[in-house]
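Please consult the sequence and the structure below.

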Amino acid sequence: MKRTKIKEILTNPIINEEYLVKGWIRTHRNVKQIHFIALNDGSTVKNLQIVIDEKDFDSKFLKRLTTGASIGVRGTLVESLGKEQSVELKAINVELYGECDAETYPLQKKGHSLEFLRTIAHLRPRTNTFGCIFRIRHAAAFAIHYYFNQRGFIYLHTPIITGSDCEGAGKMFKVTTLDLYNLPYTPDGKIDFSQDFFGRETNLTVSGQLEGELGALALGEIYTFGPTFRAENSNTPRHLAEFWMIEPEMAFYDINDNMDLAEDFIKYIIKYVLDNCPDDLQFLNDRYDNELIDRLHWVLKEKFARITYTDAIEVLLKSNENFEFPVYWGADLQAEHERYLVEKYYKKPIIITDYPKEIKAFYMKLNDDGKTVRAMDVLFPKIGEIIGGSQREDDYDKLLKRVKELNIPEKDVWWYLETRKFGTAPHSGFGLGFERLMLFLTGMSNIRDVIPFPRTPKNAEF
Ligand code: 4AD
Ligand code: MG
């Protein structure tokens with residue numbers, strides 16, 4: 001007999017039909033001769049109630065059906081008399097695949113803290129909370145591919161191992177096969193990377209953007225969606241050392257087209273998750289953040305405010321807030337500044353544009369004032385920066401000047417520069433931090449809880 005997923009049974013129950021279900025026991029209780037098992041198979045946050053009549057089974061066998069054990073049940077679907085569910089499966093046959101020791105199983109009791117669950121990331125997907133989060137994560141990832149595919153964007157796979165530093169922040173993980181206990185040196189005492197695997201220094205990518213631009217300048221509109229790596233030693237609820245980024249890159253888009261796309265894109269994903277994950281959202285809403293669903297609807301309705309960096313500084317200077325970090329034109333905006341702008345002043349998502357060139361990456365298009373670049377950051381309530389992007393410098397001479405000013409080795413980016421010599425075109429793009437978006441979609445407050453196996457300073461377990 002073919003297995004049916006619990007989600008399918010609960011969405012489209014056929015009374016008196018025989019089903020085979022497989023999953024893990026959440027709870028097992030009995031009222032005299034009748035046993036009730038709440039079975040979950042990961043397809044939905046809802047459990048299917050299994051009803052077992054003790055007289056049809058060996059009572060020793062039934063004792064082995066403990067919380068966490070994995071079973072298969074063949075039975076008949078009947079209407080339930082209970083208040084909690086409308087249907088239940090009356091067991092004809094039960095197969096025990098894997099027992100679960102009641103003494104040592106860490107998820108025996110309910111109501112563990114998120115901190116504790118992080119220490120058992122191998123088992124936390126079995127909790128309701130993480131089931132909801134990972135189903136939402138899947139739905140959002142699917143929506144992203146769907147969105148771009150519908151609009152003719154090409155999914156371009158950019159490399160994970162690179163020789164360049166896109167953001168120029170130097171927060172990269174080195175990739176090497178050299179023997180660290182016996183390094184080869186050049187005559188002038190430097191490590192001889194010519195003997196390394198790639199014959200040069202390489203690192204894990206911090207962004208797929210530079211290669212994404214090469215794709216956009218041929219295919220028109222592309223996107224990447226892959227893991228990126230940053231060795232920033234920031235132990236915050238917003239930073240991971242390994243996170244996923246969605247980076248669309250579009251030829252013939254200026255900064256305004258770029259902002260329009262970013263806003264439409266992010267709203268599409270939110271709407272998709274609202275439409276497709278109602279049970280998971282409701283669970284998280286009830287359990288963790290009772291404004292979650294309202295907030296998602298609210299963002300869909302709001303037109304994002306668009307302001308320049310210079311305006312943002314004005315607003316901050318005029319505020320009566322006592323900021324920890326000083327506010328002046330040229331300062332990088334800190335989380336406290338961003339939160340004030342988003343949550344107190346504009347009270348909705350905002351897009352800040354035209355930042356001073358000194359605090360942004362080398363590839364951003366220089367404005368006519370010679371001081372600011374055509375950058376755009378999208379800031380969200382409770383999250384802060386969720387998207388970073390810009391119109392790209394498409395003028396060869398200006399780009400080369402910037403590369404030289406910042407001492408970026410030309411040998412690392414010669415191919416990038418060449419695209420500005422051979423049929424350059426205005427183009428733009430942005431990067432959406434997938435886990436930052438996940439924080440917003442789930443109402444979770446720590447980024448470690450929206451990725452299955454978080455990588456953070458001093459932590460690469462699992
Ligand atoms: O602003 P960032 O550094 O921009 C770029 O990397 C550009 N190359 C993107 C582009 O234009 N194609 O990073 C983009 C986004 C941030 O807005 C944030 O959401 C997320 O990536 N992000 C992180 N998420 C989790 N942990 C970290 N350490 C992150 N650093 C950035
Ligand atoms: Mg940024």
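Q: What makes residues 161–162 strand E7?
A: Strands are DSSP runs of at least two residues, labelled E and numbered from the N terminus. Residues 161–162 form strand E7, which holds Ile161. The model is predicted: local features need pLDDT of at least 70, side-chain atom pairs count only at pLDDT 80 or more, and totals for chains, interfaces and linings use all residues. Residues are numbered from 1 along each chain as its sequence is written, chains are lettered from A and ligands numbered from 1 in the order in which they are written, and side-chain values use heavy atoms, without hydrogens and water.

Q: Why is Ile161 called partly exposed?
A: Buried means under 20% relative accessible area and exposed over 50%, with partly exposed in between (1.4 Å probe, protein chains only). Ile161 has a relative accessible area of 38%, and is therefore partly exposed.

Q: How do you know that the span of helix H4 is close to the expected one?
A: The expected span is 1.5 Å times one less than the number of residues. Helix H4 (residues 128–150) has 23 residues and reaches 33 Å from its first C-alpha to its last, close to the expected 33 Å. Gly152, with a positive phi near 80°, follows H4.

Q: What makes the approach of Glu247 to ligand 1 a polar contact?
A: A polar contact is a pair of N or O atoms within 3.5 Å; within protein, one must be able to donate a hydrogen and the other to accept it, and residues adjacent in sequence count only if both atoms are side-chain atoms. A polar side-chain atom of Glu247 lies 2.7 Å from a nitrogen atom of ligand 1. For Glu385, a polar side-chain atom lies 2.6 Å from an oxygen atom of the ligand.

Notes:
Helix = DSSP H or I, 4+ residues; strand = E, 2+ residues; numbered from the N terminus.
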